[in-house]
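This briefing is for a reader who has not seen the structure before. Look over the sequence and the model first, then read the points below by topic.

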There are 2 protein chains.
Amino acid sequence: MDKRSEQKAKTRIKLINAALELSSTKGFAALSLREVAQAAEIAPTAFYRHFRDMEELGLSLVDEIAVSLRRLLRNARKNSEAKDLSSLTRFSIETFIEYVNENANLFRLLLGERQGASDTFRAALRKEIDLFVVELSEDLDRLAVMQNQKLRHSGYAAEAIVTIVFTIGAEALDLPPFKQEALKIRIVEEVNMILRGARETSRVKTKR
Amino acid sequence: MDKRSEQKAKTRIKLINAALELSSTKGFAALSLREVAQAAEIAPTAFYRHFRDMEELGLSLVDEIAVSLRRLLRNARKNSEAKDLSSLTRFSIETFIEYVNENANLFRLLLGERQGASDTFRAALRKEIDLFVVELSEDLDRLAVMQNQKLRHSGYAAEAIVTIVFTIGAEALDLPPFKQEALKIRIVEEVNMILRGARETSRVKTKR
DNA sequence: CATCTCAGTGTACATACGTAAACTCACTCC
DNA sequence: GGAGTGAGTTTACGTATGTACACTGAGATG
(Lines give C-alpha, C1' and ligand atoms only; values in the text may rest on other atoms or scores of the structure.)
Protein backbone atom coordinates (compact mmCIF):
# COMPACT_ATOMS: atom_id res chain seq x y z
CA MET A 1 0.00 0.00 0.00
CA ASP A 2 0.94 3.60 -0.56
CA LYS A 3 3.20 4.87 2.15
CA ARG A 4 1.33 8.15 1.92
CA SER A 5 -2.19 6.82 2.35
CA GLU A 6 -0.92 4.44 4.97
CA GLN A 7 0.18 7.37 7.07
CA LYS A 8 -3.10 9.12 6.41
CA ALA A 9 -5.04 6.10 7.57
CA LYS A 10 -2.98 6.10 10.73
CA THR A 11 -3.85 9.68 11.63
CA ARG A 12 -7.44 9.01 10.78
CA ILE A 13 -7.46 6.23 13.34
CA LYS A 14 -5.76 8.51 15.81
CA LEU A 15 -8.60 11.00 15.32
CA ILE A 16 -11.24 8.34 15.75
CA ASN A 17 -9.67 6.99 18.89
CA ALA A 18 -9.21 10.45 20.32
CA ALA A 19 -12.88 11.25 19.71
CA LEU A 20 -13.91 7.96 21.24
CA GLU A 21 -11.76 8.54 24.26
CA LEU A 22 -12.97 12.06 24.85
CA SER A 23 -16.63 11.37 24.15
CA SER A 24 -16.73 8.72 26.84
CA THR A 25 -16.34 11.34 29.55
CA LYS A 26 -18.27 14.32 28.22
CA GLY A 27 -20.46 12.96 25.46
CA PHE A 28 -19.81 13.31 21.78
CA ALA A 29 -22.05 16.33 21.32
CA ALA A 30 -19.86 18.34 23.67
CA LEU A 31 -16.62 17.67 21.76
CA SER A 32 -14.88 20.43 19.86
CA LEU A 33 -12.94 19.91 16.69
CA ARG A 34 -9.89 21.51 18.24
CA GLU A 35 -9.71 19.33 21.28
CA VAL A 36 -10.09 16.19 19.19
CA ALA A 37 -7.31 17.40 16.91
CA GLN A 38 -5.12 18.16 19.91
CA ALA A 39 -5.74 14.74 21.44
CA ALA A 40 -4.81 13.20 18.09
CA GLU A 41 -1.67 15.32 18.04
CA ILE A 42 -2.29 17.14 14.79
CA ALA A 43 -2.90 20.80 14.01
CA PRO A 44 -6.57 21.77 14.15
CA THR A 45 -6.70 22.58 10.47
CA ALA A 46 -5.39 19.16 9.49
CA PHE A 47 -8.65 17.77 10.78
CA TYR A 48 -10.25 18.82 7.50
CA ARG A 49 -8.03 16.48 5.53
CA HIS A 50 -10.05 13.66 7.07
CA PHE A 51 -13.54 14.89 7.86
CA ARG A 52 -15.68 17.76 6.69
CA ASP A 53 -16.78 18.43 10.26
CA MET A 54 -17.48 16.76 13.57
CA GLU A 55 -20.69 15.24 12.32
CA GLU A 56 -18.86 13.32 9.65
CA LEU A 57 -16.42 12.06 12.25
CA GLY A 58 -19.42 10.94 14.28
CA LEU A 59 -20.74 8.86 11.43
CA SER A 60 -17.39 7.15 11.13
CA LEU A 61 -17.63 6.27 14.79
CA VAL A 62 -20.97 4.65 14.10
CA ASP A 63 -19.31 2.57 11.40
CA GLU A 64 -16.75 1.55 13.95
CA ILE A 65 -19.56 0.45 16.24
CA ALA A 66 -21.16 -1.48 13.42
CA VAL A 67 -18.15 -3.67 12.65
CA SER A 68 -17.54 -4.13 16.34
CA LEU A 69 -21.08 -5.38 16.93
CA ARG A 70 -20.80 -7.80 14.04
CA ARG A 71 -17.60 -9.16 15.49
CA LEU A 72 -19.36 -9.67 18.79
CA LEU A 73 -22.16 -11.58 17.14
CA ARG A 74 -19.75 -13.74 15.20
CA ASN A 75 -17.80 -14.67 18.32
CA ALA A 76 -20.91 -15.49 20.27
CA ARG A 77 -22.13 -17.77 17.49
CA LYS A 78 -18.84 -19.53 17.03
CA ASN A 79 -18.96 -20.78 20.60
CA SER A 80 -22.62 -21.55 20.77
CA GLU A 81 -22.68 -25.09 19.42
CA ALA A 82 -24.17 -27.98 21.28
CA LYS A 83 -25.37 -26.14 24.31
CA ASP A 84 -28.79 -26.07 25.88
CA LEU A 85 -30.62 -22.80 25.87
CA SER A 86 -30.14 -21.86 29.48
CA SER A 87 -26.38 -22.26 29.56
CA LEU A 88 -26.22 -20.67 26.14
CA THR A 89 -27.97 -17.61 27.53
CA ARG A 90 -25.56 -17.44 30.40
CA PHE A 91 -22.61 -17.86 28.10
CA SER A 92 -23.80 -15.24 25.60
CA ILE A 93 -24.23 -12.70 28.31
CA GLU A 94 -20.76 -13.32 29.65
CA THR A 95 -19.39 -12.83 26.17
CA PHE A 96 -21.37 -9.66 25.93
CA ILE A 97 -20.17 -8.19 29.21
CA GLU A 98 -16.63 -9.03 28.24
CA TYR A 99 -17.17 -7.21 24.97
CA VAL A 100 -18.62 -4.21 26.76
CA ASN A 101 -15.57 -3.97 28.97
CA GLU A 102 -13.20 -4.22 26.04
CA ASN A 103 -15.07 -1.68 23.96
CA ALA A 104 -16.26 0.59 26.74
CA ASN A 105 -15.99 3.79 24.75
CA LEU A 106 -17.70 2.48 21.65
CA PHE A 107 -20.46 1.12 23.76
CA ARG A 108 -20.95 4.29 25.72
CA LEU A 109 -21.31 6.15 22.48
CA LEU A 110 -23.78 3.59 21.13
CA LEU A 111 -26.10 4.07 24.08
CA GLY A 112 -25.43 7.65 24.99
CA GLU A 113 -26.08 9.10 21.59
CA ARG A 114 -29.30 7.18 20.91
CA GLN A 115 -31.01 10.29 22.17
CA GLY A 116 -29.64 13.77 21.96
CA ALA A 117 -27.44 13.59 18.92
CA SER A 118 -28.19 14.85 15.45
CA ASP A 119 -30.86 13.17 13.35
CA THR A 120 -28.37 11.55 10.98
CA PHE A 121 -26.39 10.25 13.89
CA ARG A 122 -29.43 8.85 15.68
CA ALA A 123 -30.77 7.21 12.55
CA ALA A 124 -27.44 5.53 11.86
CA LEU A 125 -27.31 4.11 15.37
CA ARG A 126 -30.92 2.92 15.19
CA LYS A 127 -30.13 1.04 12.01
CA GLU A 128 -27.28 -0.83 13.65
CA ILE A 129 -29.32 -1.80 16.66
CA ASP A 130 -32.21 -2.94 14.51
CA LEU A 131 -29.86 -5.08 12.51
CA PHE A 132 -28.63 -6.65 15.68
CA VAL A 133 -32.20 -7.37 16.75
CA VAL A 134 -32.98 -9.07 13.44
CA GLU A 135 -29.94 -11.29 13.72
CA LEU A 136 -30.78 -12.30 17.26
CA SER A 137 -34.35 -12.97 16.24
CA GLU A 138 -33.17 -15.40 13.56
CA ASP A 139 -30.89 -17.11 16.03
CA LEU A 140 -33.75 -17.53 18.45
CA ASP A 141 -35.90 -19.13 15.75
CA ARG A 142 -33.12 -21.46 14.73
CA LEU A 143 -32.56 -22.46 18.30
CA ALA A 144 -36.21 -23.05 19.02
CA VAL A 145 -36.44 -25.45 16.10
CA MET A 146 -33.35 -27.28 17.26
CA GLN A 147 -34.83 -27.73 20.68
CA ASN A 148 -38.24 -28.67 19.37
CA GLN A 149 -39.88 -25.68 20.96
CA LYS A 150 -42.11 -22.98 19.64
CA LEU A 151 -41.56 -19.29 20.22
CA ARG A 152 -44.23 -16.74 19.57
CA HIS A 153 -43.04 -13.62 17.81
CA SER A 154 -39.34 -14.11 18.28
CA GLY A 155 -39.04 -10.56 16.88
CA TYR A 156 -40.53 -9.01 19.97
CA ALA A 157 -38.52 -11.32 22.18
CA ALA A 158 -35.32 -10.36 20.42
CA GLU A 159 -36.06 -6.67 20.69
CA ALA A 160 -36.87 -6.98 24.37
CA ILE A 161 -33.71 -8.97 25.03
CA VAL A 162 -31.46 -6.58 23.15
CA THR A 163 -33.00 -3.63 24.97
CA ILE A 164 -32.47 -5.24 28.35
CA VAL A 165 -28.99 -6.56 27.69
CA PHE A 166 -27.73 -3.32 26.17
CA THR A 167 -29.27 -1.01 28.73
CA ILE A 168 -28.51 -2.98 31.86
CA GLY A 169 -25.20 -4.07 30.40
CA ALA A 170 -24.24 -0.43 30.05
CA GLU A 171 -24.28 -0.16 33.81
CA ALA A 172 -21.39 -2.57 33.93
CA LEU A 173 -19.26 0.25 32.57
CA ASP A 174 -19.30 2.11 35.85
CA LEU A 175 -18.93 -0.95 38.04
CA PRO A 176 -15.87 -2.57 39.62
CA PRO A 177 -15.39 -6.13 38.31
CA PHE A 178 -16.53 -7.78 41.49
CA LYS A 179 -19.88 -6.07 41.26
CA GLN A 180 -20.34 -7.07 37.66
CA GLU A 181 -21.07 -10.63 38.77
CA ALA A 182 -24.33 -9.58 40.41
CA LEU A 183 -25.22 -7.58 37.35
CA LYS A 184 -24.73 -10.59 35.10
CA ILE A 185 -27.07 -12.60 37.27
CA ARG A 186 -29.69 -9.88 37.01
CA ILE A 187 -29.43 -9.83 33.24
CA VAL A 188 -29.53 -13.59 32.92
CA GLU A 189 -32.57 -13.73 35.13
CA GLU A 190 -34.40 -11.11 33.13
CA VAL A 191 -33.53 -12.61 29.78
CA ASN A 192 -34.72 -16.01 30.97
CA MET A 193 -37.92 -14.36 32.03
CA ILE A 194 -38.46 -13.07 28.53
CA LEU A 195 -37.59 -16.39 26.94
CA ARG A 196 -39.97 -18.19 29.26
CA GLY A 197 -42.68 -15.73 28.37
CA ALA A 198 -42.00 -16.16 24.68
CA ARG A 199 -42.18 -19.91 24.81
CA GLU A 200 -45.41 -21.31 23.50
CA THR A 201 -46.57 -23.54 26.33
CA SER A 202 -48.18 -26.72 25.06
CA ARG A 203 -51.33 -26.05 26.99
CA VAL A 204 -51.73 -22.74 28.72
CA LYS A 205 -53.56 -22.66 31.99
CA THR A 206 -56.29 -20.17 31.22
CA LYS A 207 -58.33 -18.98 34.13
CA ARG A 208 -61.61 -18.75 32.27
CA MET B 1 -45.67 35.74 48.66
CA ASP B 2 -42.81 38.17 48.26
CA LYS B 3 -43.06 40.04 45.02
CA ARG B 4 -39.29 39.86 44.76
CA SER B 5 -38.86 36.11 45.22
CA GLU B 6 -41.90 35.53 43.08
CA GLN B 7 -40.16 37.23 40.20
CA LYS B 8 -36.98 35.32 40.93
CA ALA B 9 -38.87 32.04 40.84
CA LYS B 10 -40.30 33.04 37.48
CA THR B 11 -36.90 33.64 35.90
CA ARG B 12 -35.64 30.45 37.43
CA ILE B 13 -38.40 28.59 35.66
CA LYS B 14 -37.58 30.43 32.47
CA LEU B 15 -34.01 29.20 32.79
CA ILE B 16 -35.10 25.64 33.42
CA ASN B 17 -37.47 25.62 30.48
CA ALA B 18 -34.88 27.18 28.22
CA ALA B 19 -32.35 24.52 29.17
CA LEU B 20 -34.93 21.79 28.66
CA GLU B 21 -35.89 23.16 25.28
CA LEU B 22 -32.34 23.51 24.05
CA SER B 23 -31.08 20.23 25.46
CA SER B 24 -33.71 18.32 23.53
CA THR B 25 -32.04 19.13 20.26
CA LYS B 26 -28.34 19.10 21.11
CA GLY B 27 -28.07 17.29 24.41
CA PHE B 28 -27.53 18.92 27.76
CA ALA B 29 -23.78 18.44 27.80
CA ALA B 30 -23.43 20.64 24.72
CA LEU B 31 -25.28 23.59 26.22
CA SER B 32 -23.46 26.77 27.11
CA LEU B 33 -24.40 29.01 29.98
CA ARG B 34 -24.69 31.95 27.64
CA GLU B 35 -27.12 30.41 25.22
CA VAL B 36 -29.35 29.23 28.05
CA ALA B 37 -29.31 32.72 29.52
CA GLN B 38 -30.12 34.21 26.16
CA ALA B 39 -33.01 31.81 25.59
CA ALA B 40 -34.31 32.75 29.03
CA GLU B 41 -33.97 36.41 28.09
CA ILE B 42 -31.62 37.47 30.85
CA ALA B 43 -28.05 38.72 30.81
CA PRO B 44 -25.46 35.93 31.00
CA THR B 45 -24.16 37.06 34.36
CA ALA B 46 -27.63 37.00 35.92
CA PHE B 47 -27.47 33.25 35.52
CA TYR B 48 -25.32 33.13 38.66
CA ARG B 49 -28.14 34.53 40.77
CA HIS B 50 -29.84 31.15 40.29
CA PHE B 51 -27.21 28.49 39.77
CA ARG B 52 -23.52 28.20 40.53
CA ASP B 53 -22.91 26.66 37.11
CA MET B 54 -24.50 24.49 34.44
CA GLU B 55 -24.08 21.37 36.51
CA GLU B 56 -26.27 22.77 39.24
CA LEU B 57 -28.91 23.67 36.68
CA GLY B 58 -28.70 20.10 35.46
CA LEU B 59 -29.46 18.74 38.90
CA SER B 60 -32.52 20.97 39.08
CA LEU B 61 -33.66 19.45 35.81
CA VAL B 62 -33.34 16.03 37.37
CA ASP B 63 -35.57 17.23 40.22
CA GLU B 64 -38.05 18.34 37.63
CA ILE B 65 -37.96 14.86 36.14
CA ALA B 66 -38.45 13.34 39.56
CA VAL B 67 -41.67 15.16 40.38
CA SER B 68 -42.90 14.54 36.86
CA LEU B 69 -42.32 10.79 37.17
CA ARG B 70 -44.12 10.70 40.49
CA ARG B 71 -47.09 12.48 38.96
CA LEU B 72 -47.15 9.90 36.19
CA LEU B 73 -47.18 7.05 38.68
CA ARG B 74 -49.93 8.67 40.72
CA ASN B 75 -52.13 9.15 37.67
CA ALA B 76 -51.62 5.62 36.48
CA ARG B 77 -52.57 4.24 39.89
CA LYS B 78 -55.61 6.42 40.30
CA ASN B 79 -57.17 4.87 37.22
CA SER B 80 -56.09 1.32 37.81
CA GLU B 81 -58.89 0.05 39.98
CA ALA B 82 -60.94 -2.98 39.15
CA LYS B 83 -59.20 -3.96 35.98
CA ASP B 84 -57.70 -7.26 34.98
CA LEU B 85 -53.99 -7.38 34.44
CA SER B 86 -53.95 -7.45 30.67
CA SER B 87 -56.17 -4.43 30.14
CA LEU B 88 -54.34 -2.72 32.98
CA THR B 89 -51.06 -3.22 31.14
CA ARG B 90 -52.53 -1.79 27.98
CA PHE B 91 -53.98 1.15 29.87
CA SER B 92 -50.77 1.92 31.77
CA ILE B 93 -48.77 1.98 28.59
CA GLU B 94 -51.21 4.36 26.94
CA THR B 95 -50.93 6.63 29.95
CA PHE B 96 -47.20 6.40 29.68
CA ILE B 97 -47.02 7.26 25.98
CA GLU B 98 -49.33 10.18 26.61
CA TYR B 99 -47.00 11.34 29.34
CA VAL B 100 -43.98 10.97 27.10
CA ASN B 101 -45.59 13.17 24.48
CA GLU B 102 -46.53 15.81 26.99
CA ASN B 103 -43.10 15.85 28.63
CA ALA B 104 -40.99 15.15 25.60
CA ASN B 105 -38.07 17.29 26.64
CA LEU B 106 -37.90 16.01 30.19
CA PHE B 107 -38.04 12.51 28.93
CA ARG B 108 -35.37 12.99 26.32
CA LEU B 109 -33.11 14.31 29.03
CA LEU B 110 -33.91 11.39 31.31
CA LEU B 111 -32.81 8.87 28.73
CA GLY B 112 -30.18 10.81 26.87
CA GLU B 113 -28.12 11.72 29.89
CA ARG B 114 -28.15 8.28 31.50
CA GLN B 115 -24.81 7.85 29.79
CA GLY B 116 -22.43 10.60 28.95
CA ALA B 117 -23.20 13.22 31.53
CA SER B 118 -21.23 14.01 34.66
CA ASP B 119 -21.08 11.50 37.49
CA THR B 120 -23.34 13.51 39.78
CA PHE B 121 -25.85 13.90 37.01
CA ARG B 122 -25.83 10.23 36.12
CA ALA B 123 -26.14 9.14 39.72
CA ALA B 124 -29.10 11.44 40.28
CA LEU B 125 -30.90 10.03 37.25
CA ARG B 126 -30.15 6.47 38.25
CA LYS B 127 -31.69 7.11 41.65
CA GLU B 128 -34.92 8.32 40.11
CA ILE B 129 -35.21 5.38 37.77
CA ASP B 130 -34.45 2.92 40.56
CA LEU B 131 -37.15 4.49 42.66
CA PHE B 132 -39.56 4.05 39.82
CA VAL B 133 -38.60 0.39 39.51
CA VAL B 134 -39.18 -0.19 43.21
CA GLU B 135 -42.62 1.36 43.04
CA LEU B 136 -43.59 -0.71 40.04
CA SER B 137 -42.29 -3.80 41.72
CA GLU B 138 -44.55 -3.19 44.70
CA ASP B 139 -47.51 -2.61 42.43
CA LEU B 140 -46.83 -5.89 40.67
CA ASP B 141 -46.75 -7.75 43.97
CA ARG B 142 -49.95 -6.14 45.14
CA LEU B 143 -51.62 -7.01 41.87
CA ALA B 144 -50.47 -10.58 41.88
CA VAL B 145 -51.98 -11.11 45.31
CA MET B 146 -55.24 -9.57 44.20
CA GLN B 147 -55.43 -11.90 41.26
CA ASN B 148 -54.37 -14.92 43.25
CA GLN B 149 -51.22 -15.41 41.23
CA LYS B 150 -47.60 -15.77 42.15
CA LEU B 151 -44.77 -13.81 40.62
CA ARG B 152 -41.18 -14.80 41.01
CA HIS B 153 -38.82 -11.95 41.73
CA SER B 154 -41.12 -9.12 40.82
CA GLY B 155 -38.03 -6.93 41.21
CA TYR B 156 -36.41 -8.30 38.09
CA ALA B 157 -39.70 -8.17 36.26
CA ALA B 158 -40.18 -4.53 37.22
CA GLU B 159 -36.68 -3.61 36.13
CA ALA B 160 -37.12 -5.37 32.82
CA ILE B 161 -40.46 -3.70 32.22
CA VAL B 162 -39.22 -0.24 33.08
CA THR B 163 -36.21 -0.70 30.82
CA ILE B 164 -38.37 -1.81 27.92
CA VAL B 165 -41.09 0.76 28.37
CA PHE B 166 -38.69 3.67 28.81
CA THR B 167 -36.34 2.72 26.02
CA ILE B 168 -38.88 1.72 23.39
CA GLY B 169 -41.22 4.44 24.57
CA ALA B 170 -38.50 6.98 23.85
CA GLU B 171 -38.80 6.13 20.19
CA ALA B 172 -42.31 7.53 20.25
CA LEU B 173 -40.71 10.95 20.53
CA ASP B 174 -39.59 10.91 16.92
CA LEU B 175 -42.73 9.31 15.55
CA PRO B 176 -45.85 10.85 14.01
CA PRO B 177 -48.96 9.99 16.07
CA PHE B 178 -50.31 7.48 13.61
CA LYS B 179 -47.15 5.41 13.90
CA GLN B 180 -47.25 5.48 17.67
CA GLU B 181 -50.12 2.99 17.61
CA ALA B 182 -47.89 0.25 16.27
CA LEU B 183 -45.27 1.13 18.81
CA LYS B 184 -47.74 0.79 21.66
CA ILE B 185 -48.67 -2.67 20.45
CA ARG B 186 -45.02 -3.66 20.39
CA ILE B 187 -44.51 -2.46 23.94
CA VAL B 188 -47.66 -4.13 25.22
CA GLU B 189 -46.63 -7.37 23.58
CA GLU B 190 -43.17 -7.29 25.12
CA VAL B 191 -44.40 -6.36 28.56
CA ASN B 192 -46.90 -9.19 28.47
CA MET B 193 -44.09 -11.49 27.52
CA ILE B 194 -42.19 -10.49 30.61
CA LEU B 195 -45.22 -10.82 32.85
CA ARG B 196 -45.97 -14.25 31.46
CA GLY B 197 -42.40 -15.27 32.10
CA ALA B 198 -42.52 -13.94 35.63
CA ARG B 199 -45.67 -15.81 36.51
CA GLU B 200 -45.05 -18.83 38.67
CA THR B 201 -46.70 -21.68 36.82
CA SER B 202 -48.38 -24.11 39.23
CA ARG B 203 -46.38 -27.00 37.86
CA VAL B 204 -43.42 -26.30 35.63
CA LYS B 205 -42.73 -28.64 32.78
CA THR B 206 -39.20 -29.69 33.59
CA LYS B 207 -37.28 -31.68 31.04
CA ARG B 208 -35.51 -33.86 33.55
C1' DC C 1 15.41 14.01 -12.05
C1' DA C 2 11.91 17.42 -12.45
C1' DT C 3 7.33 18.06 -11.31
C1' DC C 4 3.17 17.43 -9.02
C1' DT C 5 0.35 16.07 -4.99
C1' DC C 6 -1.31 16.51 -0.62
C1' DA C 7 -1.11 15.48 4.64
C1' DG C 8 0.12 18.36 7.97
C1' DT C 9 1.76 23.24 9.86
C1' DG C 10 1.53 28.19 11.23
C1' DT C 11 -0.73 32.40 11.34
C1' DA C 12 -4.78 35.04 11.56
C1' DC C 13 -9.53 36.53 12.50
C1' DA C 14 -14.24 36.83 13.85
C1' DT C 15 -17.05 34.92 17.10
C1' DA C 16 -18.57 32.55 21.40
C1' DC C 17 -17.37 31.27 25.79
C1' DG C 18 -17.22 31.67 31.34
C1' DT C 19 -16.91 34.94 34.72
C1' DA C 20 -15.15 39.20 37.50
C1' DA C 21 -16.49 43.86 38.68
C1' DA C 22 -19.05 47.83 39.18
C1' DC C 23 -23.56 49.52 38.23
C1' DT C 24 -28.92 50.31 38.77
C1' DC C 25 -33.15 50.59 40.79
C1' DA C 26 -37.55 48.21 42.31
C1' DC C 27 -38.37 45.95 46.32
C1' DT C 28 -38.37 44.97 51.45
C1' DC C 29 -37.95 46.27 56.20
C1' DC C 30 -37.42 48.87 60.38
C1' DG D 1 -39.35 57.35 54.37
C1' DG D 2 -34.56 56.27 54.52
C1' DA D 3 -31.24 52.50 54.49
C1' DG D 4 -30.33 48.11 52.85
C1' DT D 5 -30.99 44.16 49.76
C1' DG D 6 -30.52 41.63 45.73
C1' DA D 7 -32.17 40.33 40.79
C1' DG D 8 -30.73 41.83 36.70
C1' DT D 9 -27.60 44.90 33.45
C1' DT D 10 -23.35 46.68 31.27
C1' DT D 11 -18.74 46.51 30.40
C1' DA D 12 -14.58 44.07 30.17
C1' DC D 13 -11.17 40.37 30.32
C1' DG D 14 -8.71 36.20 28.85
C1' DT D 15 -9.47 32.04 26.61
C1' DA D 16 -11.40 28.56 23.24
C1' DT D 17 -13.76 27.91 19.19
C1' DG D 18 -14.36 27.00 13.78
C1' DT D 19 -12.21 27.91 9.68
C1' DA D 20 -9.76 30.64 5.72
C1' DC D 21 -5.33 31.13 3.75
C1' DA D 22 -0.62 30.63 2.54
C1' DC D 23 3.11 27.59 3.60
C1' DT D 24 6.27 23.24 3.70
C1' DG D 25 8.33 19.08 2.62
C1' DA D 26 8.14 14.08 2.13
C1' DG D 27 6.56 10.98 -1.12
C1' DA D 28 4.21 9.64 -5.62
C1' DT D 29 4.48 10.01 -10.76
C1' DG D 30 5.89 10.19 -15.53
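Across the interface of chain A and chain B, 7 residue pairs are in polar contact, both residues of each pair at pLDDT 80 or more. The model is a predicted one.

**Chain A against chain B**

- On the side of chain A that touches chain B, at least two residues each come from helix 1, helix 5 (104–112), helix 6 (119–146), helix 7 (154–171) and helix 8 (177–198) of chain A.
- Helix 7 of chain A gives the most to this side, with 10 residues.
- Sorted by class, the side of chain A that touches chain B consists of 14 nonpolar, 11 polar and 15 charged residues.
- The contact joins 40 residues of chain A to 41 residues of chain B.
- About 3,300 Å² is buried between chain A and chain B, and carbon and sulfur atoms account for 54% of it.
- Of the area that chain A buries against chain B, 19% is supplied by A:Gln115, A:Tyr156 and A:Met193, more than by any other three residues.
- There are 6 salt bridges between chain A and chain B.
- A salt bridge links the side chains of A:Glu171 and B:Arg126, with 3.2 Å from N to O.

**The two domains of chain A**

- Chain A falls into domain 1, covering 1–51, and domain 2, covering 55–198.
- The centres of these two domains of chain A, taken over C-alpha atoms, are 28 Å apart.
- Domain 1 of chain A brings 13 residues to the contact, and domain 2 of chain A brings 12 residues.
- Domain 1 and domain 2 of chain A bury about 1,100 Å² between them, with 74% of this area given by carbon and sulfur atoms.
- A:Leu20, A:Phe28 and A:Phe51 together make up 53% of the area that domain 1 of chain A buries against domain 2 of chain A, more than any other three residues.
- Between domain 1 and domain 2 of chain A there are 0 salt bridges.
- Across the interface of these two domains of chain A, 2 residue pairs are in polar contact, both residues at pLDDT 80 or more.
- On the side of domain 1 of chain A that touches domain 2 of chain A, helix 1 of chain A gives the most, with 7 residues.
- That side of domain 1 of chain A divides into 8 nonpolar, 3 polar and 2 charged residues.

**Around DNA strand C**

- There are 19 residues around DNA strand C, and those that come nearest are A:Arg4, A:Thr11, A:Ala43, A:His50 and B:Arg34.
- Among the atoms of DNA strand C that come within 4 Å of the protein, 51% are sugar and phosphate atoms.
- B:Arg34 has a polar side-chain atom 2.4 Å from a base nitrogen of DNA strand C.
- The side chain of B:Tyr48 places an N or O atom 2.8 Å from a phosphate oxygen of DNA strand C.
- For A:Lys8, the distance from a side-chain N or O atom to a phosphate oxygen of DNA strand C is 3.5 Å.
- Two or more residues of the surface near DNA strand C come from each of helix 1 (3–26) of chain A, helix 1 (3–26) of chain B and helix 2 (33–39) of chain B.
- Helix 1 of chain A supplies the largest share of this surface, 4 residues.
- The surface near DNA strand C holds 6 nonpolar, 6 polar and 7 charged residues.

**Around DNA strand D**

- DNA strand D has 19 residues around it, of which A:Arg34, B:Arg4, B:Thr11, B:Ala43 and B:His50 come nearest.
- Sugar or phosphate makes up 48% of the atoms of DNA strand D within 4 Å of the protein, and bases make up the rest.
- The side chain of B:Thr11 has an N or O atom 2.5 Å from a phosphate oxygen of DNA strand D.
- B:His50 has a polar side-chain atom 2.6 Å from a phosphate oxygen of DNA strand D.
- For A:Tyr48, a side-chain N or O atom is 2.8 Å from a phosphate oxygen of DNA strand D.
- Helix 1 of chain B contributes the largest share of the surface near DNA strand D, 4 residues.
- The surface near DNA strand D contains 6 nonpolar, 6 polar and 7 charged residues.

Conventions: Residues are numbered from 1 along each chain as its sequence is written. Chains are lettered from A and ligands numbered from 1 in the order in which they are written. This is a predicted model: local features need pLDDT of at least 70, side-chain atom pairs count only at pLDDT 80 or more; totals for chains, interfaces and linings use all residues. Side-chain values use heavy atoms; hydrogens and water are left out. A residue is near a molecule or strand if one of its heavy atoms lies within 4 Å of it. A polar contact is a pair of N or O atoms within 3.5 Å; within protein, one must be able to donate a hydrogen and the other to accept it, and residues adjacent in sequence count only if both atoms are side-chain atoms. Ala, Val, Leu, Ile, Met, Phe, Trp, Tyr, Cys and Pro count as nonpolar, Asp, Glu, Lys and Arg as charged, and the others, Gly among them, as polar. Domain bounds come from an automatic or database domain assignment. Contact means heavy atoms within 4.5 Å. Buried area is the accessible area (1.4 Å probe) that two parts lose on being put together, summed over both. A salt bridge is a side-chain nitrogen of Lys or Arg within 4 Å of a carboxyl oxygen of Asp or Glu.
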